[in-house]
Amino acid sequence: MGFDEIKGQDRAIKILRQVINNKHLAHAYLFHGPDGVGKKKAAITFAKALNCADFEDDVCDICVSCRKINQGIHPDVTLIQTEKGEIKIGEIRNIIKGMIYKPLEAKNRIVIVDESERFNLSASNAFLKTLEEPPADTVIILVSSNPDMLPQTVLSRCHRIAFSNIPTRTLTDILIEKNGLTPVAADHIANLANGSVSKALSLSSEEVQGIRMDILSVLSGKGNVKGNLFDLAEQYSKDEKIFYEALDWIYTYFRDIIMMKVQSDLNLIINRDFYDHMISLKEKISLETLLDIIEYIKSVYKGQERNMNRQLALDVLGIKIMRSIA
Ligand SMILES: [Zn+2]
């Protein structure tokens, strides 16, 4: 993984390349921007670039240092991350303690703190002292999608590098290249992903595509139907993430039928593999009924914010759909 593989962040990557080439290194950086746009990847690549034995506008990825960082076993490159919850003071203290020694192998010791807004107060204070008097050969990179939650005293000591949402066109290209999606499917998922590569990749994952096939197969009575709509409602309402994925696909299905009614452009259809069934439904269901289903789905999205019962919501939606296509 080099700078070239971080897509859609040309501005940030250009700055990082300049830092390496000009050797104007700050002691602390803050990589900030939305979730899933490549901040952590850029931080790790920056750590590699700072220590690469053969850097030429990008990391070589084959020198000892690059390989050790790739494997997460470089003694002078530390990545602090939490699963959930806070970054613990003990962990920070151990790292700060290590900073009094010279790096073992690297030119620059690198400490990357992912989701750094999860610092608790005492961890922040401990870290602040390090930021005030940083050891000469140490570079600290704070990564955050909520930098406003970091104390001002920490923020003021960091050189900021801004990361932005990935353009939809770039996401589409990534999905076609990495997951082999068709341009239409890739474009649709890219639009749903709100500028986040990780969201786009997760939407196109086997798990999510499996949910899509289950939902659309049941709606169209096609393929290996695992049960009826109500069985799926029970299955998909247990987990919040899966619930929303299921709801998204039901939405796209009826949105497609509306598009077929009002436009004849095949390029606008997301679920083209279900075209045959949708074309027969298009004749059966009135536009009014379709809009009613879409409105109900929208109200379910809103209702979830008020802790509406997920299974009940899907059951009611199922009844509406069964009535409309019966
Ligand atoms: Zn290298």
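Trainee: Which way does helix 7 cross helix 8, left-handed or right-handed?

Mentor: The crossing is right-handed, as the near helix is turned clockwise from the far one by less than a right angle. Helices here are DSSP runs of H or I with at least four residues, numbered from the N terminus. One caution: this is a predicted model, where local features need pLDDT of at least 70, side-chain atom pairs count only at pLDDT 80 or more, and totals for chains, interfaces and linings use all residues. Residues are numbered from 1 along each chain as its sequence is written.

Trainee: What's the angle between helix 7 and helix 8?

Mentor: About 130 degrees, with the axes 8 Å apart; axes are lines fitted to C-alpha atoms over the stretch in contact, and angles run from 0 to 180 degrees between N-to-C directions.

Trainee: New topic: how many residues are in the largest nonpolar core?

Mentor: It has 54, and Phe 31 and Ile 189 are among those with the most contacts inside it. Such a core is a set of buried Ala, Val, Leu, Ile, Met, Phe, Trp, Tyr and Cys residues joined through C-beta atoms within 7 Å; buried means 20 or more other C-beta atoms within 10 Å of a residue's own, placed from the backbone.

Trainee: And which helix gives the most to this core?

Mentor: Helix 2, with seven residues.

Technical notes
Helices (H or I, at least four residues) and strands (E, at least two) are DSSP runs, numbered from the N terminus. A residue is buried if 20 or more other C-beta atoms lie within 10 Å of its own, exposed if 12 or fewer, and partly exposed in between; C-beta atoms are placed from the backbone.
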